[in-house]
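Reader: Please take one part of this model and go through it closely. I would like the cut-offs stated where they apply.

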Amino acid sequence: HPPVSQMEETSLLRRANCRSKGGASGFKVAILGAAGGIGQPLALLMKMNPLVSVLHLYDVVNAPGVTADISHMNTGAVVRGFLGQPQLEDALAGMDLVVIPAGVPRKPGMTRDDLFNINAGIVKTLCEGIVKCCPKAVVNLISNPVNSTVPIAAEVFKKAGTYDSKRLLGVTMLDVVRANTFVVDETLQSLSSSSAEVLGIDPRDVNVPVVGGHAGVTILPLLSQVNPPCSFTPEEISYLTDRIQNGGTEVVEAKAGAGSATLSMAYAAAKFADACLQGLRGDAGVVECSFVASQVTELPFFASKVRLGRCGVEEVLPLGPLNEFERYDVHLMEMPGSLGEGKERVGSKH
Ligand code: NAD
Ligand code: LMR
């Protein structure tokens, strides 16, 4: 992309500030991996977000094309593209929020752990850029395996002396999105009367907290805490839990080699990024599930409800009352080595 002069930069920002409804100046958001399957629709959704005044789109391929395309949308955010490692620092300078969907996706027969070697290296490089250019940014990490990439990012930040656990959030929102959808769409249509009271409710008004991690059996929907309240039979709990835990695999198999969830993920990531921006703006009562540094269990990182605020994670909320099944699953996760997902091979239920 052509070098931007000081004057052009000032004029871009003035335009952004005038057009943004996100407060005096709006927020600056970077997407790393913006030309990918998740990155492109996520860029589109973030360009539509009135809290965003500046949107930086970075990728190692195709960033100029995606940027040109998105920049024609008549919404407030000013969009700029950055291509390849030499432009990473420009992409990151001064960002408030960095969303990272960079990395390879699964193919049928793979677990998320199989992505570790490639994606760990990508995340490390990108986090080193964050250390240098926007160490105070809130980071939303999407790249898999989230259970491992978040601890890796933490180590990069620790090594550089910039680690702030409040600002590093693994994105598990898709598990919540799936849980809310499946609770309304699937089980209640096919199964018993005990939960029929939820039928007819818009899935957007349903909230199932999903805790643990983002892989196989570490994805634990707290169906006992569904809101609006609703009771499920043991068969319903088993069916729903299995479907939610294997939602990613369901999409990988359906795409048959063409990747994993991208569109629903972009929707979930945009919702989560919006919640983070609302928190940064100072809105009260912004609560979402996320995989963060945590003391709610014996594990150093754990997904649970967090309250978002001006510094990122203001509070990691307790798990709340669990039923016997949920307590047992948390206990299993606390056992050493259980956060891997070797058991989650495509085609097997666990
Ligand atoms: P994709 O292959 O379509 O896109 C990935 C993009 O990352 C590509 O455009 C690629 O060029 C880019 N990229 C690769 N190396 C990069 C680097 N060093 N710097 C910047 N960009 C780089 O993949 P996708 O479907 O968008 O998935 C991306 C990741 O998100 C995968 O790891 C996938 O497993 C993960 N994912 C996570 C969740 C979740 O719930 N957290 C959900 C779906 C997918
Ligand atoms: C998902 O849950 O859809 C993602 O983690 C992608 C995958 O590999 O399943």
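Author: The buried residues of α10 are M265, A266, A268, A269, A270, F272, A273, A275, C276, L277, G279 and L280. Buried here means that 20 or more other C-beta atoms lie within 10 Å of the residue's own, with C-beta atoms placed from the backbone; 12 or fewer would be exposed, and anything in between partly exposed. The model is predicted: local features need pLDDT of at least 70, side-chain atom pairs count only at pLDDT 80 or more, and totals for chains, interfaces and linings use all residues. Residues are numbered from 1 along each chain as its sequence is written, while chains are lettered from A and ligands numbered from 1 in the order in which they are written.

Helix α10 covers residues 263–281; helices (H or I, at least four residues) and strands (E, at least two) are DSSP runs numbered from the N terminus. With 19 residues, α10 reaches 27 Å from its first C-alpha to its last, close to the 27 Å expected at 1.5 Å a residue, the expected span being 1.5 Å times one less than the number of residues. After α10 comes G282, which has a positive phi, near 100 degrees.

The largest nonpolar core has 101 residues, and A269 is among those with the most contacts inside it, together with V29, I31, L57, L97 and V98. Such a core is a set of buried Ala, Val, Leu, Ile, Met, Phe, Trp, Tyr and Cys residues joined through C-beta atoms within 7 Å. To this core α10 gives the most of any helix, with 11 residues. In soluble globular proteins, nonpolar side chains tend to be buried together.

A273, C276 and L277 are buried residues of α10. An α-helix has 3.6 residues a turn, so residues three or four places apart point the same way.

Helix α9 (residues 247–255) gives the most to the shell around ligand 2, with four residues. The residues around ligand 2 include G247, G248, V251 and V252, where a residue counts if its C-beta atom, placed from the backbone, lies within 6 Å of the molecule. G247, G248, V251 and V252 are also buried, as is T249. A256 follows α9 with a positive phi, near 50 degrees.
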